[in-house]
Amino acid sequence: MDEEITIINTNTRNEKVLKFFLDNKKKIIIIISIIFFCLVGYYSFDVIKKRNKIKLANQFNLSIIAFKAGEEKKTINELRNIINKQDAAYSPLALYFLIDNNLIENKEEINNLFNVIINKNNLEKEIKNLMIYKKALYNSDSIDENDLIKILNPIINSDSIWKSHALFLIAEYFVTKNENQKAKEFFKQILVLPNSNKDIKLESKKRLNRDFGE
């Protein structure tokens with residue numbers, strides 16, 4: 001008797017499941033289709049992303065080869081193109097190469113290229129802060145204190161790992177301008193900063209003791 005009841009319950013449950021699928025056949029097909037196309041889309045996007053990364057890597061390597069072969073114009077054009085792709089890895093590398101090898105002397109153009117990378121919406125936070133610091137460092141010998149601080153403000157007003165570097169750059173700027181009181185203030189800020197870079201903090205202590213008798 002128990003076995004018969006079990007069989008009846010099983011059959012009833014199977015019928016309910018079958019009825020549910022038949023009644024909701026269209027909805028189930030739509031849901032499965034959406035999931036399928038999402039998976040395909042995600043996979044395709046990932047494949048394209050990896051393919052583009054490989055393409056950029058090859059383009060960067062070819063631009064270095066062109067530079068070594070004395071083809072500076074081709075190198076500059078290729079590196080500009082890489083920068084405009086706004087890739088988190090190869091765009092900064094391309095810009096650094098242009099700067100380190102003095103391939104573009106026009107500071108306005110270099111600053112525009114910095115902005116192309118910095119203004120990239122989905123750039124990782126600390127990479128963006130590093131680019132801001134590099135931009136300030138690049139301009140530090142040709143701008144006034146207000147412009148220097150304006151560039152570095154996004155870092156100074158944050159808890160970025162590059163904050164001590166930014167404060168040290170400003171302190172050094174004031175040292176070169178013989179504005180020692182201002183320099184001391186920024187060196188002291190580094191000493192009390194919780195996440196100061198150890199080397200930057202040590203150098204700041206040395207500078208305060210050696211140059212300012214602190």
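Q: Which side chain of opposite charge is nearest to Glu-126, and how far away is it?
A: In this predicted model, the nearest side chain of opposite charge to Glu-126 is Lys-125, at 4.8 Å. Glu-126 is buried and yet has no salt bridge, because a salt bridge needs a side-chain nitrogen of Lys or Arg within 4 Å of a carboxyl oxygen of Asp or Glu.

Q: What does the side chain of Glu-126 reach, then?
A: The side chain of Glu-126 reaches the backbone nitrogen of Ile-161, at a distance of 3.4 Å. If its neighbours within four places in sequence are left aside, Glu-126 is in contact with Ser-160, Ile-161 and Trp-162.

Q: Where in the chain does Glu-126 lie?
A: Glu-126 lies in helix α6, which covers residues 125-139. At the start of α6, a side-chain oxygen of Glu-124 comes to within 3.2 Å of the backbone nitrogen of Glu-126.

Q: What span should α6 have, and what do its end C-alpha atoms give?
A: The 15 residues of α6, at 1.5 Å a residue, should span 21 Å, and the end C-alpha atoms are 21 Å apart, so the two values agree.

Q: Which residues of α6 are buried?
A: The buried residues of α6 are Glu-126, Asn-129, Met-131, Ile-132, Tyr-133, Lys-135, Ala-136, Tyr-138 and Asn-139. These buried residues pack against four other helices, namely α4 (90-100), α5 (107-118), α7 (145-156) and α8.

Q: Stepping back, how many helices and strands does the protein chain have?
A: The secondary structure of the protein chain comes to ten helices and zero strands. Of the 214 residues in the protein chain, 35% are buried, and among contacts between residues at least 6 apart in sequence, 49% join residues at least 24 apart.

Q: Which residues touch the most other members of the largest nonpolar core?
A: That core has 50 residues, and the ones that touch the most other members are Leu-79, Leu-95, Leu-98, Leu-148 and Leu-152. Its largest share, eight residues, comes from helix α8, which covers residues 163-176.

Q: Take Leu-148; what is it in contact with?
A: Leaving aside neighbours within four places in sequence, Leu-148 is in contact with Ala-136, Ser-140, Ile-143, Leu-169, Ile-170 and Tyr-173. Ala-136 is also one of the buried residues of α6.

Q: Changing topic, how many salt bridges does a search of the whole structure find?
A: A search of the whole structure finds six salt bridges. One of them joins Lys-182 and Glu-145, with the closest N and O atoms 3.1 Å apart. This pair links distant parts of the chain, since Lys-182 is in helix α9 (residues 180-192) and Glu-145 is in helix α7, 37 residues apart.

Q: Which residues are linked in a network of salt bridges?
A: The network links Glu-145, Glu-179 and Lys-182, and within it the side chains of Lys-182 and Glu-179 meet at 3.1 Å, N to O. Lys-182 counts as partly exposed because its relative accessibility is 31%, Glu-145 is partly exposed at 21%, and Glu-179 is partly exposed with a relative accessible area of 27%.

Q: And which residue forms a salt bridge with Arg-207?
A: Glu-172 forms a salt bridge with Arg-207, and the closest N and O atoms of the pair are 2.4 Å apart. This pair also links distant parts of the chain, with Glu-172 in helix α8 and Arg-207 in helix α10 (residues 198-212), 35 residues apart.

Q: Where is Asn-102, and what is its phi near?
A: Asn-102 is in the loop between α4 and α5, and its phi is near 50 degrees, a positive value in a residue other than glycine. At 59% relative accessibility, Asn-102 counts as exposed.

Definitions and conventions. Residues are numbered from 1 along each chain as its sequence is written. This is a predicted model: local features need pLDDT of at least 70, side-chain atom pairs count only at pLDDT 80 or more; totals for chains, interfaces and linings use all residues. Side-chain values use heavy atoms; hydrogens and water are left out. Helices (H or I, at least four residues) and strands (E, at least two) are DSSP runs, numbered from the N terminus. Buried means under 20% relative accessible area, exposed over 50%, partly exposed in between (1.4 Å probe, protein chains only). Lys and Arg count as positive and Asp and Glu as negative; His and the chain ends are not counted. A polar contact is a pair of N or O atoms within 3.5 Å; within protein, one must be able to donate a hydrogen and the other to accept it, and residues adjacent in sequence count only if both atoms are side-chain atoms. Contact means heavy atoms within 4.5 Å. A nonpolar core is a set of buried Ala, Val, Leu, Ile, Met, Phe, Trp, Tyr and Cys residues joined through side-chain atoms within 4.5 Å. The expected span of a helix is 1.5 Å times one less than its number of residues.
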